[in-house]
Amino acid sequence: MSSNCKCSCTAGLLGLSLAGFLLSLYTSYVEIRAERDHSYQAMCDISERVSCTKVFTSAYGRGFGLIGPLLGDESPLNVPNGFYGIFYYFLVAGLSLSNNIRVARLTSYLTGLSNLLSIYLAYLLYFVLEDLCIVCVTTYGVNLISLILALQKVQILVREDQVMRVIKKEG
């Protein structure tokens, strides 16, 4: 039973990582396109207050609005947030293939960190930019479900490890 659950968690993490990866690619595309063509309107731009382009091209759309002020706008780390997402989701997909407890814990820590970052970005989205970004909110959902699955996988692996230790002691 736990093997099926473990496989389901892994498959879910892979699927969500793919979704996050594609959302991050789209985010990067929209930002780069909008910077080059100021008349560009993305599919996710529905109105003045429901606009992902407005969010992606804001000061918070690069380096999470933190790297520019800390390291300077010209810092090689001050890239579009979508670039960070592309790397992050690729990393989580790779890590989620492992059934090692330490790797699973690392995955849960990374997904936890991404959820903290999502909370920060959601705050900026609603209270600072006063906008609704459908792509952003979808990404927050991907991150939340990924955290739940990553934590479930850790629980399954810990239980399996405990069972194996008991069996070794008895054998």
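Analyst: Before we start, contact here means heavy atoms within 4.5 Å. Keep in mind too that this is a predicted model.

User: How many helices and strands does the chain have?

Analyst: Going along the sequence, you read α-α-α-α-α-α. No strand turns up in that pattern, and the secondary structure tally is six helices and zero strands.

User: What box do the C-alpha atoms of the chain fill?

Analyst: The chain has 171 residues, and 42% of them are buried. Taken along the principal axes, the box that their C-alpha atoms fill is roughly 70 × 35 × 25 Å.

User: Where does UniProt place the feature "domain: Vitamin K epoxide reductase", and how far apart are its end C-alpha atoms?

Analyst: The UniProt record, an unreviewed entry, puts that domain at residues 6-154. In the model this span is 71% helix and 0% strand. From one end C-alpha atom to the other, the separation is 9 Å.

User: For the "transmembrane region" at residues 132-151, how far apart are the end C-alpha atoms?

Analyst: UniProt's unreviewed entry lists "transmembrane region" at residues 12-30, 82-99, 106-126 and 132-151. Take residues 82-99 as one case: 83% helix, 0% strand, and end C-alpha atoms 28 Å apart. Residues 132-151 are 90% helix and 0% strand, with an end-to-end C-alpha distance of 29 Å.

User: Are helix 4 and helix 5 roughly parallel or antiparallel to each other?

Analyst: Helix 4 (residues 81-96) packs on helix 5 (residues 101-128) at about 155°, with the axes 10 Å apart. An angle over 145 degrees counts as roughly antiparallel. So helix 4 and helix 5 are roughly antiparallel.

User: And which residues of helix 5 make the contact with helix 4?

Analyst: The two helices meet in a left-handed crossing. Helix 4 brings Asn81, Tyr88, Leu91, Val92, Leu95 and Ser96 to the contact. By class, the contact has eight nonpolar, five polar and no charged residues. On the helix 5 side, the residues are Val103, Leu106, Thr107, Leu110, Thr111, Ser114 and Leu121.

User: How do the residues of the contact of helix 5 with helix 6 divide?

Analyst: Helix 5 and helix 6 pack at about 155° with axes 8 Å apart, and therefore they are roughly antiparallel. Their crossing is left-handed. The residues of this contact divide into 16 nonpolar, nine polar and two charged.

User: Is Ser17 buried or exposed?

Analyst: Ser17 belongs to helix 1 (residues 2-36). Beyond residues up to four places away in sequence, Ser17 touches Tyr89, Val92 and Ala93. Buried means under 20% relative accessible area. Ser17 has a relative accessibility of 2%, so it counts as buried.

User: Is Phe64 buried or exposed?

Analyst: Phe64 sits in the loop between helix 2 (52-56) and helix 3 (67-71). Phe64 has a positive phi of about 60° although it is not a glycine. Most residues other than glycine have a negative phi. With a relative accessible area of 14%, which is under the 20% limit, Phe64 is buried.

User: What is the relative accessible area of Glu130?

Analyst: Look in the loop between helix 5 and helix 6 (134-170) for Glu130. Its phi is positive too, near 50°, in a residue other than glycine. Exposed begins over 50% and buried lies under 20%, so Glu130 is partly exposed at 45%.

User: How many Å separate the C-alpha atoms of Val158 and Asn100?

Analyst: Val158 is in helix 6, and Val158 is partly exposed because its relative accessible area is 21%. Leaving aside residues up to four places away in sequence, Val158 touches Ile101 and Arg105. Val158 and Asn100 are 58 residues apart along the chain, yet their C-alpha atoms are separated by 9.7 Å.

Terms used: Residues numbered from 1 in each chain as written. Predicted model: local features only at pLDDT ≥ 70, side-chain atom pairs only at ≥ 80, totals over all residues. Heavy atoms only, no water. UniProt positions renumbered as here; feature names shortened; annotations may be inferred. Helix = DSSP H or I, 4+ residues; strand = E, 2+ residues; numbered from the N terminus. Axes fitted to C-alpha atoms, helices over the stretch in contact; angles between N-to-C directions. Parallel < 35°, antiparallel > 145°, perpendicular 65-115°, else oblique. Left-handed = near helix turned anticlockwise from the far one by under 90°. Nonpolar A, V, L, I, M, F, W, Y, C, P; charged D, E, K, R; others polar. Buried < 20%, exposed > 50% of the residue type's maximum accessible area, 1.4 Å probe, protein only.
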